[in-house]
Amino acid sequence: MAEHNGRPPTGAIYLTLAVLIAGGLIGYMNVRRLDDNRRLVSRTHEVAESLETLLSTLKDAETGQRGYLLSGTTEYLEPYQAALSGLSAERQHLAALISDNPAQVIALSGLNTRIDAKLDELAQTIGLMKRGDKPGALAIVNAGSGKATMDGVRRDVAGMKRAEMDLAQSRDRETIASYRAAVASIALATFVGVLLTGLVLYGFRRNLTQAQIAARLLAEEEERLRTTLASIGDAVISTDADANVTFLNPVAEALTAWTNADAAGQPLSQVFNIVNESSRLAVENPAIRALRDGVIVGLANHTILIAKDGTEWPIDDSAAPIRSADGSVAGCVLVFRDISGRKKDEEALQRMAANLADADRRKDEFLATLAHELRNPLAPIRTGLQLLHRMRPSHGPGQKEDDYIRRMIERQTDHLVRLVDDLMDVSRITRGVLELRKKRVDLAAVLRDAVEAARPIIESKGHQLTLTLPPTPMFVDADTTRLGQVFTNLLNNAAKYSERDGRIWLAAERRDSTLVISVKDTGIGIPSDMLPKIFEMFAQVDRSLERSQGGLGIGLTLAKRLAEMHGGALEAHSDGPGQGSEFVVRLPAALAPV
Ligand code: ADP
């Protein structure tokens, strides 16, 4: 994960440092080797020079000897003497120079043997000469062994010089290689160092930018939170892990009568002092539970907050723990609100509901009384009509008109009786006083009776009714009159809410332990939004008087309640206006009577 703390990535810095140090070390080692080689090469040259000097000193000694032997003049012995004294120092110097080279040490010891032999020869001849034996001395010279020794010395010197030159050459090569290696390692280290430094700087800057962005976002977030807490309608108190108050928003300040500054650091129980509404006993603070159990503690009812100034507020409160990154509970947020307004609303609603229930009860009583009172005069009217019918003269003027008017009054009276009966039934059901007299019957018989009852309206509108029943009886425990009422209602509706010459299907079948009866028509249909409502009391799709077909909107309510009182159900289906309707009654099937 990228670091967002604004600090440079330490790993990269160490790597850069390691590369730089390694490059420096390699460079230093190569430079040292370069320096060593340089010193060695210069010593090689010194060795060569020293060999040359040695040889020329020896030559000087020989030249001195020759001069003395030929001339007999002792002056010639001076260079010989000087050479002798110089030689030993030169030989020591040379020995020191080559002491670290075993091959040259061996070669030098050979050279020294020859030099010693030469010096012996020179000393011997000079000794003879000094003793006056010139011919003896010259005889030694002429014998040629001195020349041979000198030639040997020359060869040894040349050999040693060659060895030194070879050494110098190989050191030269090494020097060049070391130089290149030094340059390359320093250049590489510099390049890698610069590159890594660049990367470190880039990473650092990026981290810094990300850290700045993160800091800005955090500041914005804090500001947003502060503004939100200041503007919300709920009171908010936050605490630390020890339940000491850390913050109060303005609503909390208003409700507790504590200021944010005064409350900061105070124990929460002091600032947020709550008691039970009825017992007045201290209530366990939800924040304490949230801190202790690390869980969100939901709203508590019937809590009273007692403010610093003694004011009491009915409140709802809840608390949630604040968790730090490692999951431990770092504090708690307590949210609460004044519910006095809501309590008043609730009380008002309760009063309203009680009033409505009272009004509803009185309406039911009124409907019952009304139905009863309406029914009372209807009975004598009907009887009167029957008497009129029986007492009518068989012939006479105006006979036809009288009959027409009487039948019209009869029809309307019957309609009025049906409406009043429905009304009475509904009021009985709502008051829970309707009783069913159930017995085991064949549903087919009930359906046929219902068809007969609905036949007048079906025929008057020219509808075609199809009745489909299974061949075997379908037993049901039912109050035949009441169950018949359900199907008569549905058939009447099918006829009422279909244009003339429509089709109506009444079909029944047994599905497992349920009897399913469907009343389907090709009528005006029901809009989908009305489907759930038509079973409500007084509900009508079209309430205009001319379309309501003289009903009160209670037929379906009654049918549904009656179906339910038989342990069944009633539901409606329609694909919408003009698409016809289907009402389905489900009843529990009963076993055949024994
Ligand atoms: P009413 O017929 O007295 O108005 P109901 O309770 O029997 O009352 O019916 C309620 C309403 O449901 C009716 O007013 C009518 O709008 C609608 N409705 C009932 N049956 C049908 C049907 N078969 N086709 C279309 N609409 C119907």
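User: Leaving aside neighbours within four places in sequence, which residues is Arg406 in contact with?
Analyst: Leu385, Leu388 and His389, where contact means heavy atoms within 4.5 Å. This is a predicted model, so local features need pLDDT of at least 70, side-chain atom pairs count only at pLDDT 80 or more, and totals for chains, interfaces and linings use all residues. Residues are numbered from 1 along each chain as its sequence is written, and side-chain values use heavy atoms, with hydrogens and water left out.

User: What does the side chain of Arg406 make with the side chain of His389?
Analyst: A polar contact, at 3.1 Å. That term means a pair of N or O atoms within 3.5 Å; within protein, one must be able to donate a hydrogen and the other to accept it, and residues adjacent in sequence count only if both atoms are side-chain atoms.

User: Is Arg406 buried or exposed?
Analyst: Buried, because its relative accessibility is 9%. Buried is under 20% relative accessible area, exposed over 50%, partly exposed in between (1.4 Å probe, protein chains only).

User: And Tyr14, buried or exposed?
Analyst: Tyr14 counts as exposed because its relative accessibility is 58%. Tyr14 is found in helix H1, residues 10–71; helices (H or I, at least four residues) and strands (E, at least two) are DSSP runs, numbered from the N terminus.

User: Switching to strands: in which sense do S12 and S13 pair?
Analyst: Antiparallel, over six bridges; pairing requires that DSSP finds at least two bridges between two strands. Ser574 has Ser581 in S13 as its bridge partner.

User: What about Gly576 in the turn?
Analyst: Gly576 has a positive phi of about 120°, in a hairpin with six residues between S12 and S13.
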